[in-house]
Amino acid sequence: MRRAMSFLNKLFGFDRKDRYTGIISGDGSYSFDIVGESHYQDSISIICGGKTRQGHRIEVDATLVYDDNNPNDDNAIRVDINGYTVGYLSRNLARDYRKAMREARQVGMRMRCPAIIVGGWKRGETDEGHFGVKLDLPIQ
């Protein structure tokens with residue numbers, strides 16, 4: 001029975017470590033910016049190992065988490081990377097994401113998607129760039 005469940009989990013894209021996480025990805029364009037990264041620069045810096053002269057372009061997996069108790073938006077979708085919150089989907093994208101998940105009968109399910117962390121350069125006192133996060137999602 002365990003072997004059959006493992007096969008089904010792989011078939012439907014579920015992570016072996018967390019059976020409540022599915023995997024989604026878009027066309028590889030990483031065209032979805034998240035919002036609120038300015039509040040999570042310290043966390044993103046930890047993930048990247050700090051700012052560098054060249055900056056960063058790091059491919060990572062992001063986890064999209066329903067944040068129904070968010071005081072600013074009860075439809076919020078939080079974006080976590082390596083256990084750190086790094087921002088949120090925009091309000092419109094969060095609505096589209098929730099609609100797509102309802103249609104797929106996956107309401108509340110955590111999903112992983114490819115992401116890229118960009119920016120984070122420091123070339124002197126006046127030349128410093130913030131970090132940004134872009135997601136690769138299939139939602140249009």
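**Ground rules.** I number residues from 1 along each chain as its sequence is written. The model is predicted, and local features need pLDDT of at least 70, side-chain atom pairs count only at pLDDT 80 or more, totals for chains, interfaces and linings use all residues, and side-chain values use heavy atoms, with hydrogens and water left out.

**Confidence.** I looked up pLDDT (the predictor's confidence in each residue, from 0 to 100) and found a chain average of 85, with 84% of the residues scoring at least 70. I take helices (H or I, at least four residues) and strands (E, at least two) as DSSP runs, numbered from the N terminus.

**Helix α3.** I checked the length of α3 (residues 91-103): its 13 residues should span 18 Å, and the end C-alpha atoms are 18 Å apart, which agrees. The expected span is 1.5 Å times one less than the number of residues. For burial I use relative accessible area (buried under 20%, exposed over 50%, partly exposed in between; 1.4 Å probe, protein chains only). Leu 93, Ala 94, Tyr 97, Arg 98 and Met 101 are buried. Seen down the axis, the buried residues fall within an arc of 135°, so they line one face of α3; the arc is that of the directions from the helix axis to the C-beta atoms. Asn 92, Arg 102 and Glu 103, on the other side, are exposed. The cover over the buried residues includes β2, β3, β4 and β6.

**Thr 63.** I found Thr 63 in strand β3, buried at 19% relative accessible area. Beyond neighbours within four places in sequence, its contacts are Arg 78, Val 79, Asp 80, Arg 110, Met 111 and Arg 112.

**Salt bridges.** I counted six, taking a side-chain nitrogen of Lys or Arg within 4 Å of a carboxyl oxygen of Asp or Glu. Lys 51 pairs with Glu 128 at 2.8 Å. Lys 51 lies in the loop between α2 and β3 and Glu 128 in the loop between β6 and β7, so the pair ties together parts 77 residues apart in sequence. Arg 98 meets Asp 68 at 2.6 Å, N to O. Arg 98 is in α3 and Asp 68 in the loop between β3 and β4, so this pair ties together parts 30 residues apart in sequence. Arg 98 is buried at 9%, whereas Asp 68 is partly exposed at 44%.

Notes:
Contact means heavy atoms within 4.5 Å.
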